[in-house]
Amino acid sequence: MNTANDLTIRAATVNGSGSQSANLVLTNAIFRMGIPVAPKNVFPSNIEGLPTWFDVRVSPQGYQCRSRDVDILVALNPATWHADVGDVRSGGVIIHEAAYAVTGTAARDDVTYYAVPFTKLAKEHVSDGGLRKYLTNMIYVGVLAHLLGIEAETIEAAVRGQFKRKPKAVDTNMDAVRLGIEYAANNLTKSDLYRLQPMSGKTEGKLLMDGNSAAALGCVMGGCTVVAWYPITPSSSLCESFIQYCERFRVDKDTGKRKAAIIQAEDELAAIGMVFGATWAGARALTSTSGPGLSLMAEFAGLGYYAELPGVIFDVQRAGPSTGLPTRTLQGDVGFAYTLSHGDTKHIVLLPATIAEAYEFAMQAFDLTDRFQTPVFVLSDLDLGMNLWMTQPLAYPEKPFDRGKVLDAEKLEEVRSWGRYRDVEGDGIPYRTLPGTEHPLAGYFTRGSGHDEQANYSENPVVYQTNLDRLARKHDTARTHVPQPVVDERGHEAAIIAYGTSHHAVVEARDRLREEGLETDYLRVRALPFSPDVTAFIERHERVYVVEQNRDGQLHALLRAELPANLVERLHSVRHYNGVPIDAAAITEPLLAAEKPVLA
Amino acid sequence: MNSNVNVLGLSREVYKGAASTLCAGCGHNSITNNLIKALFDYGVDPYKLAKMSGIGCSSKTPAYFVERAHGFNGVHGRMPSLATGAKMANRELMVLGISGDGDTASIGLGQYCHMIRRNVDATYIIEDNGCYGLTKGQFSATADRGSVLKKGAVNEFETIDVCGLAVELGATFVARSFSGDGKQLIPLLQAAFSHRGIAVLDVISPCVTFNDHEGSTKSYNYVKEHHAVLHTPDFFPGSREITVDYEPGTVQEIEFDNGDRVLLRKLERDYDASDRIGALRVMHEARERGELVTGLLYVDTTARDLCERERLPEKPLAHMNEADLRISREDWAQLMLS
């Protein structure tokens with residue numbers, strides 16, 4: 001076992017006890033040592049009292065997915081003490097509140113225990129009763145720093161970063177960290193092999209960011225001006241970040257005027273309605289939500305598709321059905337979002353996997369939605385949206401907005417005749433005008449009922465069917481305009497298809513499989529409708545494993561529905577759906593089992 | 001000045017739309033005609049007009065006036081959210097929402113309430129006939145308790161008074177009128193256009209096919225017999241001097257932000273349209289008596305509208321480009337360091 005820079009630290013605490021700051025300081029300190037980190041917050045739908053876990057995975061390769069092995073446990077929750085001990089791998093380390101009894105199932109002979117009287121230390125050294133429970137967490141940061149070899153200066157830099165806006169808090173927090181370091185130095189004898197050592201080549205120039213912030217920046221740079229939203233975990237922080245960026249970068253310092261309307265709507269029905277009202281009138285507009293909100297948006301999604309209205313809908317997916325697990329992750333909305341609403345409805349769906357894509361796809365969604373005059377759904381998930389990820393700095397956009405086929409007064413004067421739903425170029429995409437256009441030909445009547453090329457009400461069977469066929473043609477045009485798949489192909493027989501955050505587990509899984517003698521090709525789907533490249537890729541492979549985080553293999557089902565019959569049987573569904581982010585083993589185990597005949 | 005054209009030099013023809021497909025004699029057609037006259041006389045710019053509606057007989061009517069304006073017949077009960085979004089995107093638009101009693105008081109009640117709370121600068125007309133026409137005459141939530149359906153069913157449930165509710169929710173302009181009373185409706189509409197903020201007009205509009213019989217409280221006959229008019233409104237654009245003489249104390253003058261005024265000529269009773277509690281009392285009492293009380297029930301010209309509350313710049317958001325909206329390169333570089 002290589003124990004340098006390759007481990008997972010789990011802090012098991014009580015929700016509301018302020019462990020988040022300590023965990024972020026720890027994460028940042030390790031990152032500052034040049035060691036790749038992948039933090040995962042596994043938290044409850046609760047304000048205070050329920051158990052919460054924070055994993056910091058550290059790996060020299062820079063794997064960004066979760067590992068199911070816990071190497072070092074910081075146990076600060078009596079309610080989960082026994083179960084938490086059971087999660088630690090053999091040979092691992094348990095740092096625990098000294099008051100917990102190491103008896104029964106909490107007593108193991110294959111792990112190392114370090115007892116620390118956290119509560120007593122805090123009581124003796126932190127006079128402010130209100131701060132005490134928060135600072136208890138900083139004590140474990142100090143203990144870990146001593147045991148693993150993180151310099152106090154590195155921790156201090158991370159603390160300064162954490163409390164940028166509260167410089168007064170730096171000293172109090174550092175006092176608690178030093179308390180932990182000193183206690184460990186004077187009382188604990190290191191008897192495990194885990195250690196952290198500074199390294200280079202993996203984190204330089206990178207930063208840590210969450211997907212919702214990155215997406216919000218994409219919306220700002222994509223020219224979004226109207227945001228309507230209803231608070232829902234795990235998407236709320238997307239709109240809240242958008243608000244913060246707008247207050248910082250879109251407010252005129254002299255007049256106080258803000259170049260954005262941000263409305264907290266009464267529900268998701270109204271949120272998406274405001275979006276379509278705004279895009280109809282020519283603005284770029286966004287709503288962000290999660291599964292339950294998406295269900296409410298089904299009605300308007302159909303109007304958006306049929307009346308051909310732009311609009312960006314971010315779905316930061318969580319575990320359903322119904323309320324489900326509001327604070328756990330899943331890719332469970334893919335099938336639903338793709339055909340959201342009644343009738344023959346099909347949408348453009350973008351599937352970001354990384355922080356860079358959360359940003360770029362958000363920006364690109366506004367171009368695509370204007371270009372195609374149809375709602376664009378961006379399906380992120382809780383793991384991408386709310387966890388921190390390593391990323392290169394986000395690139396400044398070099399391209400102007402693509403506002404699509406819009407006829408202004410000047411162009412109307414040139415064409416003299418136009419039809420709102422007329423397919424001029426054969427790509428299925430019609431032209432539109434915006435309210436406020438000063439030309440007698442500009443006005444038309446938008447409606448969700450049957451309409452002809454001139455947008456007049458029509459129940460004519462031919463007109464209806466022709467229009468539906470044009471919409472299908474438009475959807476087909478999108479296949480080559482949406483983000484195309486990313487392919488890593490070297491002529492192997494077995495291949496993996498994945499999308500979104502499952503990608504990070506695939507990266508590690510392919511390394512592990514290679515160690516076992518199984519080489520795989522890999523295609524990552526980045527949008528719906530499928531690019532023709534997806535079918536071509538499947539054609540070139542004997543066995544294709546579709547990896548995703550939902551019970552029913554939703555993308556697998558969408559692929560089966562679109563593929564020619566002779567290719568369907570090449571697909572095999574690999575699914576992970578317990579609400580905790582997918583890890584490599586969830587892929588390697590079924591693949592090795594399935595490939596056993598070939599490997600042997 | 002050619003009297004066949006308005007202040008914008010546009011003829012009345014410009015304010016007309018497609019032929020109505022509603023039943024002959026439908027109150028909604030009268031409202032449309034009164035609306036055409038109000039829009040023409042007022043001199044509404046067709047290019048700035050956004051005609052918004054939901055679903056139902058009422059919501060079809062935006063196709064029947066100002067053909068060259070943009071119209072949006074959305075989904076059932078959701079006009080308020082569409083209208084709110086449109087106004088946020090382009091504050092230069094004059095947003096005119098047309099809804100019905102089912103669209104507003106049943107399926108759209110939530111959006112109706114919240115549009116009022118937000119004081120979106122828009123005119124919101126409820127073409128109110130107390131029943132669902134397109135689905136053949138079921139009661140709506142504005143049907144009065146005790147009102148009788150054509151086939152004899154009696155409404156057991158309390159009515160939702162959309163005006164009382166609006167006042168309760170802080171609406172800044174609430175009026176009630178009757179589809180057939182152009183003399184009252186047209187100046188009220190024009191006052192609504194001038195009001196900055198939400199202007200709610202509940203217009204009783206009999207359904208000749210399903211709700212115009214004996215026992216209905218939304219029939220032509222019932223309205224005729226129970227109509228209690230609060231005052232006679234006269235609308236004066238800011239550009240025009242008030243030349244008519246009134247007895248002192250017989251008129252309430254309300255001036256809007258843009259300088260336009262509405263004069264409320266008192267009839268037999270004293271009514272103060274700026275008294276919120278008084279408005280609620282009059283509506284309650286009228287309902288007890290089975291009276292249809294009409295007029296400008298309540299107005300507050302001082303409240304900030306949503307555009308102001310959102311601190312929107314003068315330039316419409318819809319007209320902004322990369323230079324307006326993107327973070328500068330310098331700020332971006334800084335942001336990526338932190």
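I took strands as DSSP runs of E of at least two residues and helices as runs of H or I of at least four, numbered from the N terminus; two strands pair if DSSP finds at least two bridges between them.

I noted that this is a predicted model, in which local features need pLDDT of at least 70, side-chain atom pairs count only at pLDDT 80 or more, and totals for chains, interfaces and linings use all residues. Residues are numbered from 1 along each chain as its sequence is written, with chains lettered from A and ligands numbered from 1 in the order in which they are written.

**Sheet, chain B.** I recorded an open sheet of three strands in the order S10-S12-S11, with antiparallel pairing. S10 (231–236) and S11 (251–255) of chain B each have a single partner strand, so one side of each lacks a neighbour in the sheet.

**Helix H3, chain A.** I checked H3 (residues 118–125) for burial and found Phe118(A), Leu121(A) and Ala122(A) buried. A residue is buried if 20 or more other C-beta atoms, placed from the backbone, lie within 10 Å of its own, exposed if 12 or fewer, and partly exposed in between. The buried residues of H3(A) fall within an arc of 95° down its axis, so they line one face; the arc is that of the directions from the helix axis to the C-beta atoms. On the face turned away I found the exposed residues Lys120(A) and Glu124(A).
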